Amino acid sequence: MLYERAVRPVLFRVGRGDPETAHEKTLGWLSGIGRQPWLLKALTKVNQVKDPCRLFGLDFPNVVGLAAGMDKNGVAVQTWSALGFGFMEIGTVTWRPQPGNPRPRLYRLPTSKALINRMGFNNEGAQALARRLGSGVKPPIPVGISLGKSKSTPLEQAADDYVASFVELYRFADYFAVNVSSPNTPGLRNLQDAEGLSTILRALRDQNTRLAGGGPGRPILVKIAPDLTETAISQALEVCLAHGVSGIIATNTTLGRDGVVSVDRERAAQPGGLSGGPLRNIALPVVSFVQRETGGRLPVVGVGGITEPRHAAELIDAGASLVQLYTGFVYSGPKLVRRSAKAARQALQARQTPRPYPHGPQGGGHYG
Ligand SMILES: Cc1cc2nc3c(=O)[nH]c(=O)nc-3n(C[C@H](O)[C@H](O)[C@H](O)COP(=O)(O)O)c2cc1C
């Protein structure tokens with residue numbers, strides 16, 4: 001309530017209502033909070049949900065993570081756990097620093113609890129991220145790093161770009177996410193086809209084996225778009241299984257506009273990826289489909305449209321083992337994270353209770 005009644009109205013007026021200015025200022029504040037141990041402690045006391053699970057060989061304090069794109073340059077990594085998140089995915093980072101698309105490029109659709117963005121991977125580059133992460137202490141929750149392709153790198157050389165960032169950031173990542181699903185880098189989504197994806201995953205696996213020095217290496221997850229046909233998803237999953245991918249993140253933003261409420265329609269004409277409320281009905285079937293297709297062999301991180309705690313539970317019911325959110329956090333703040341973690345826990349407990357029939361939904365991964 002405090003966030004929705006007092007904090008959000010202020011944030012939404014920052015920068016004369018420009019969402020990206022509000023975003024930048026908020027990240028600056030969150031970064032500042034990260035340097036104040038007493039504040040972190042106080043926030044942690046209010047927000048932390050301890051409901052541990054183990055997946056990909058990592059320990060998660062709870063199953064609700066910060067989705068990629070919120071903290072592209074890793075400026076607030078010390079703060080996300082104090083806001084209740086059980087893990088974070090920073091980036092998407094590209095090998096070369098790049099400014100992204102011209103502003104304005106981020107729009108609010110408040111009645112639909114949605115956002116449209118065409119940021120275009122604005123980020124300071126993998127080397128700057130490595131310097132920043134190297135200068136701080138390791139955060140208390142798992143850190144995923146989302147990798148993307150620099151705009152100036154031709155699609156045929158995409159693998160080199162992903163590999164360069166992977167090597168640079170290897171020691172800072174608990175897992176990597178291969179982002180081939182942003183709608184805002186020309187041609188990127190073509191890398192979800194079998195040939196493009198195989199080339200990237202093969203190159204990353206080689207480096208993972210080399211850098212792990214005989215160990216298991218870092219879990220590598222692939223993030224997919226919600227706008228793929230079932231055939232295209234099946235093909236991508238086959239490639240992922242063949243290349244030892246650890247899990248699937250489903251989904252990124254959609255190019256569709258279904259589900260946007262009528263007062264937001266005019267703004268919905270802005271080009272870019274739609275996230276938040278309307279995405280839920282598109283992401284949820286993708287999570288179910290991935291779960292069914294892989295029979296639980298590839299754990300799913302469900303993301304898209306969590307604007308109420310029960311939506312986190314619905315993603316778990318559909319087969320997700322972890323969930324992430326971005327847009328809901330903008331509209332509802334840390335309370336949504338806390339409550340989603342509790343709702344997800346109940347859904348997971350229900351899933352783990354032995355069922356009277358042998359072929360009930362199992363979900364991926366192992367919980368301890
Ligand atoms: C402004 C904005 C920027 C985003 N940037 C990225 C990104 O860099 N990499 C990525 O994988 N996803 C990015 N996303 C997508 C989110 O990670 C997430 O998949 C999507 O927003 C759906 O979740 P939500 O409905 O909870 O927001 C971005 C989303 C928004 C709203």
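Predicted model: local features only at pLDDT ≥ 70, side-chain atom pairs only at ≥ 80, totals over all residues.
Let's start inside. The largest nonpolar core has 104 residues, and the members that touch the most others are Trp80, Phe85, Ile145, Tyr162, Leu169 and Val222. Helix H12, spanning residues 334-352, supplies the largest share of this core, with 7 residues. There is also a second, separate core of 7 residues, with Ala114, Val260, Ala268 and Leu274 among them.

Leaving aside residues up to four places away in sequence, Tyr162 is in contact with Leu147, Gly148, Lys149, Val178, Asn179, Val180, Leu188, Leu191, Ile200 and Leu204.

Now for the annotated site. An unreviewed UniProt entry lists a "binding site" made up of Lys72, Asn117, Arg118, Met119, Gly120, Phe121, Asn179, Asn184, Asn252 and Thr253.

You will find Phe121 in the loop that links strand S6 (114-117) to helix H4 (126-134). Phe121 counts as buried because its relative accessibility is 4%, under the 20% cut-off. Beyond residues up to four places away in sequence, Phe121 touches Lys72, Thr92, Thr94, Gln98, Gly148, Lys149, Asn179, Ser182, Thr185 and Leu188.

Thr253 lies in the loop between strand S10 (247-250) and helix H8 (265-268). With a relative accessible area of 10%, Thr253 is buried. Again setting aside residues up to four places away in sequence, the contacts of Thr253 are Asn117, Pro183, Arg189, Pro226, Asp227, Gly273, Leu274, Ser275 and Leu279. One of these, Leu274, brings us back to the second core, which includes Leu274.

Conventions:
Residues numbered from 1 in each chain as written. Heavy atoms only, no water. Core = buried A, V, L, I, M, F, W, Y, C linked by side-chain atoms within 4.5 Å. Buried < 20%, exposed > 50% of the residue type's maximum accessible area, 1.4 Å probe, protein only. Helix = DSSP H or I, 4+ residues; strand = E, 2+ residues; numbered from the N terminus. Contact = heavy atoms within 4.5 Å. UniProt positions renumbered as here; feature names shortened; annotations may be inferred.
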